[in-house]
Amino acid sequence: MKPKKKEKLIGEILVERGIITPHQLKKVLENQQKEGGLIGEIIVKLGFATEEEIAQCLSYQYGFPYLPLENYEISKEAIELVPRHVAQHYCLIPVDKIGNTLTIAISDPLNSEAIEDLEELTSLNIQVFISTSSDIRQAIEKYYPDG
């Protein structure tokens, strides 16, 4: 699934939805210029929005579905396809395998290197869902217990 062209920046979407104020966005952008980093992560670090709000706005922005993992039962077959270190490195979790498609939840849906590496590793097509970093880290601990 290819991301749709982003017409608005994540900051603009957050302001439009009333999640952050224009003043907060200005502060975030200043922080990003000084220290670098992803806007969404800076917004969460500063306490202006939750990870879920950022993930839902990314879902809206790029057209990838949002998948909260808390109550989702992940298939053992999918987990066995992706080693723990790969899941941790890219902050993703394999969710399900149907036919020759592997569905994953990832915190950064635009990480093309992660998608390409998974396609090469599994020889499967990759379908992308967005989830929060926290949800993914918790799922990795739950489904890769011997880490």
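Student: How many disulfides does a search of the whole structure find?
Tutor: A disulfide is a covalent bond between the sulfur atoms of two cysteines. In this predicted model, a search of the whole structure finds 0 disulfides. Cys 57 is in no disulfide, and the nearest cysteine sulfur, which belongs to Cys 91, is 18 Å away; that distance is too far for a bond.
Student: Are Cys 57 and Cys 91 buried or exposed?
Tutor: Cys 57 counts as buried because its relative accessibility is 0%, and Cys 91, at 15% relative accessibility, also counts as buried.
Student: Which residues of helix H8 are buried, and where do they lie around its axis?
Tutor: An α-helix has 3.6 residues a turn, so residues three or four places apart point the same way. In helix H8, which spans residues 133–143, the buried residues are Ser 133, Asp 135, Ile 136, Ala 139, Ile 140 and Tyr 143. Seen down the axis of H8, these buried residues fall within an arc of 160°, so they line one face of the helix. The face turned away from that buried side carries the exposed residues Gln 138 and Lys 142.
Student: What do the buried residues of H8 pack against?
Tutor: They pack against helices H4 (51–62), H5 (76–81) and H6 (84–90), and against strands S1 (92–98) and S2 (101–106).
Student: How do S1 and S2 run, and how many bridges join them?
Tutor: S1 and S2 run antiparallel and are joined by 6 bridges, with Leu 92 standing opposite Ile 106 in S2. Their hairpin has 2 residues between the strands, and Gly 99 takes a positive phi near 60° there.

Note on methods
Residues are numbered from 1 along each chain as its sequence is written. This is a predicted model: local features need pLDDT of at least 70, side-chain atom pairs count only at pLDDT 80 or more; totals for chains, interfaces and linings use all residues. Side-chain values use heavy atoms; hydrogens and water are left out. Buried means under 20% relative accessible area, exposed over 50%, partly exposed in between (1.4 Å probe, protein chains only). Helices (H or I, at least four residues) and strands (E, at least two) are DSSP runs, numbered from the N terminus. The arc is that of the directions from the helix axis to the C-beta atoms. Contact means heavy atoms within 4.5 Å. Two strands pair if DSSP finds at least two bridges between them. A disulfide is a pair of cysteine sulfur atoms within 2.5 Å.
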